[in-house]
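Okay, everyone, thanks for coming. Let me put the thing on the screen, and then I'll walk you through it.

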2 protein chains.
Amino acid sequence: MKATTRKIRDADATKARILAAAKSEFARVGLGGARVDEIAERAQANKRMIYHYFGGKEDLFKVVLEEAYLDIRNAEQALALDHLSPREALETLVRFTWQYYLDNPEFITLVNSANLHRGRHLEGSERLRVASRRFVEMVRDILERGAGEGTFRTGVDPVQLNITIAAIGYYYLTNRFTGAVMFERDYMSEDALEQRLAFNIDTVMRLVLA
Amino acid sequence: MKATTRKIRDADATKARILAAAKSEFARVGLGGARVDEIAERAQANKRMIYHYFGGKEDLFKVVLEEAYLDIRNAEQALALDHLSPREALETLVRFTWQYYLDNPEFITLVNSANLHRGRHLEGSERLRVASRRFVEMVRDILERGAGEGTFRTGVDPVQLNITIAAIGYYYLTNRFTGAVMFERDYMSEDALEQRLAFNIDTVMRLVLA
DNA sequence: TAGGTAACGCACTAGTTAGTTACTTACAAT
DNA sequence: ATTGTAAGTAACTAACTAGTGCGTTACCTA
């Protein structure tokens, strides 16, 4: 009956609720704007528990941030791009990156907040470094396979390509509010999103094709 | 002697000092993180003056933001790209955008902060809309001239191109802290900056060339 | 079933924070 | 020279904020 017993006290569940609430709050108003009391309330936990489990606001932010990055890196691995042709693999990656940002808007704001604070909340994370190395190797492999079969040109730096793939989706979405004012466009209509994705796939393909 | 008289009371000078201090503070720690007392102190002005001249923290942010955008739009116009060949004009724009971000790092953080707050501080700015329209027309003109002489392909959306030109520079710089942790690279060395700019010019050229 | 341990809650502190009140003082126009 | 007005100041306040001290209670294990 253990699984069905409604535990009044459940450390794991409380921790998870705090993390979820913190992710949402940090994403909504940034590290500086987030309020510990608000996170506690939304997590239906006592504020004391945040200090008990995580140490403090900044430590909580570190955990939220690392989780967010590990989550996208894991999702990328799950794509199994090495089973696809180089061309398909790259297009799949561009589409995935775009869709991930759309489905997880809090990821973008968390990353922005982390960088406003000069990345200091991520500095020690060896887990993230390992995951990132694997990711770069994955892209390098696609580029090498493509160059080998003659589809792609040689000499494309996988890190630069990664940055560009992220940039063309990320920038569009994170700056959509000021963009909408300046360019008097609806950035988020179905048509607009579709057009941007098509433009981005085109950009990346023209960049690597032989 | 008016010009050389050291006025103890000078509304314009005080306003300007407040604006400069606010720009720096908002850029450093965001709207939420900035402290009105700190801005007043750094401006060597009394906090009361901020409320007197600008109304409040958020109104001050609005002015800072609008100024920042108008500044880059003016600088772009000053490039006189219509005097260059389409190809040179576009490369000049890519180089300029990149260099502007490097020379005015506060611009990027201000824009990030504005978007974290869903662009609401910019919503009413007709001045910015006018300047942006002129900017889009400038890029459209380059693309049309290029297409006319056969250098560029047809059908490239100038707004999408603008977004991409901004994105590939902006993203690299704003996310350089988390990027440095993940990819174990120095984003800001002279070599790295030069390589990124070259990569970006290449990306844009491949995107538009016929 | 007894008791130790970890989960949890209340109420507080010490320091901040945006914004204001009530005042003084320089300056320019008359 | 006088004086109205705008520039400038200092000392508040009321609300907020991260973090904590200390006591209580549920749950697991021996």
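Quick housekeeping. This is a predicted model, so local features need pLDDT of at least 70 and side-chain atom pairs count only at pLDDT 80 or more, while totals for chains, interfaces and linings use all residues. Residues are numbered from 1 along each chain as its sequence is written, chains are lettered from A in the order in which they are written, and side-chain values use heavy atoms, with hydrogens and water left out.

Back to A:E76, which sits in helix 4 of chain A, residues 57-77. Helices are DSSP runs of H or I, at least four residues, numbered from the N terminus, and strands are E runs of at least two. Skip the neighbours within four places in sequence, and A:E76 is in contact with A:L93, A:F96, A:F135 and A:M138. Contact is heavy atoms within 4.5 Å.

On annotation, UniProt has an unreviewed entry that lists "domain: HTH tetR-type" for residues 12-72 of chain A; such annotations may be inferred rather than shown by experiment. In the model that span is 87% helix and 0% strand.

Now over to chain B. Helix 7 there covers residues 126-148, and its buried residues include B:F135, B:M138 and B:I142. What do those buried residues pack against? Helix 9 (176-183) of chain A, plus helices 4, 5, 8 and 10 of chain B itself. Just after helix 7, B:G150 takes a positive phi of about 85 degrees.

And how do the two chains fit together? A rotation of 180 degrees with 0.0 Å of shift along its axis puts chain B on chain A, RMSD 0.1 Å, by least squares on C-alpha atoms of residues with pLDDT of at least 70 in both. The two copies are therefore related as by a two-fold rotation axis.

At the interface, 58 residues of chain B are in contact with 58 of chain A. 100% of chain B's interface residues are also interface residues in chain A, so the copies meet through the same surface. The rule finds six salt bridges across it, meaning a side-chain nitrogen of Lys or Arg within 4 Å of a carboxyl oxygen of Asp or Glu. A:R185 and B:D157 form a salt bridge at 2.9 Å, N to O.

Terms used. Expected span 1.5 Å × (residues − 1). Buried < 20%, exposed > 50% of the residue type's maximum accessible area, 1.4 Å probe, protein only.
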